[in-house]
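Open the model in your viewer and switch to a cartoon view. Keep side chains ready to show.

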Amino acid sequence: MATGQKLMRAIRVFEFGGPEVLKLLSDVAVPVPKDHQVLIKVHACGVNPVETYMRSGSYSRLPALPYTPGTDVAGVIESVGDNVSAFKKGDRVFSTSTVSGGYAEYALAADNTVFLLPEKLDYKQGAAIGIPYFTAYRALLHRAHVKAGESVLVHGASGGVGLATCQIARAYGLRVLGTAGTEEGQKIVLRNGAHEVFNHREADYINKIKVVGSRGPIEITPRDAMGKESSIIGVSLFSTTKEEYQQFSAAVQAGMEIGWLNPVIGAQYPLEKVAQAHEDIIHGRKTLGKMVLLL
């Protein structure tokens, strides 16, 4: 390593596996931005379920080893590449993607994936915007083409993506039904846009709603789907084009300005506890709001 190279703490993954493969190193070189890149001094980074799938090696899109996980960071611009004009050192920003990984003290990001963070939102909230709100917007407006007056069921609505979906759906005039597994979770869902909320741990809750989504497998009868002209739509934020990201960001920025975008922060962990965060986001029974790492 060159003399005078600036170092940082960062999580590195050298092999796919359980949470124990998340290694905290203190001698990782701080990346240098090139061309259309910016370097962000990270204050907070969102933790998303997809990062646990990648870490375990079970996801369809796997990073090259070794790597640093994390996409949704919030912090301050430390430096910019030669061709960056939209940002300057000291700007408060959040990202929807990173080049070098977000579980670190500094993160490199392409300038078209970075956006100014209003003063009304703190860094923890900034780190809760990327995957949750952009995924929710893509699912509702871009893929499902929802219209005002329609109804939407948000299953597991008390988590980061679920609450983002409730807020966006309510802002766009939909009737919002949500589910949560605890009394506290149900209250949070109601405070964030849902008209009604149901306890998905109750045996008969499906009969109250008549429709259900699930992270796990579901059974579909093709003949019933034909008769009702049903649509089954998958959503992947990774399929979003640069042009779509700009469209989504305009809506998200408007939400921040008007006030309906208000990220709810849940469990918070220091970088040293990242393995516990990965365990809790998948197996924890009381995951409320957006989980974040604090740096």
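Predicted model: local features only at pLDDT ≥ 70, side-chain atom pairs only at ≥ 80, totals over all residues.

**Stop 1: H1 and H9**

Select residues 49-56, helix H1, and residues 274-283, helix H9. Two packed helices are described by the angle between their axes and the distance between the axes. Here the angle is about 115 degrees, and the axes lie 9 Å apart. Angles of 65 to 115 degrees count as roughly perpendicular, so H1 is roughly perpendicular to H9. The crossing of H1 past H9 is left-handed.

Now show the side chains at the contact. From H1, pick Pro49, Glu51, Thr52, Tyr53 and Arg55. From H9, pick His278, Ile281 and Ile282. Which classes of residue make up the contact of H1 with H9? Four are nonpolar, two are polar and two are charged.

**Stop 2: H5**

Move to residues 183-191, helix H5. Colour Gly185, Gln186, Ile188 and Val189: these are the buried residues of H5. Turn the view to look down the axis of H5. The buried residues fall within an arc of 160 degrees, so they line one face of the helix. An α-helix has 3.6 residues a turn, so residues three or four places apart point the same way.

What covers the buried residues of H5? Select helix H4 (160-171), strand E9 (175-180) and strand E10 (196-199), which are among the elements covering them.

Finish at Gly193, which follows H5. The phi of Gly193 is positive, near 120 degrees.

Technical notes
Residues numbered from 1 in each chain as written. Heavy atoms only, no water. Axes fitted to C-alpha atoms, helices over the stretch in contact; angles between N-to-C directions. Helix = DSSP H or I, 4+ residues; strand = E, 2+ residues; numbered from the N terminus. Parallel < 35°, antiparallel > 145°, perpendicular 65-115°, else oblique. Left-handed = near helix turned anticlockwise from the far one by under 90°. Contact = heavy atoms within 4.5 Å. Nonpolar A, V, L, I, M, F, W, Y, C, P; charged D, E, K, R; others polar. Buried < 20%, exposed > 50% of the residue type's maximum accessible area, 1.4 Å probe, protein only. Arc of directions from axis to C-beta.
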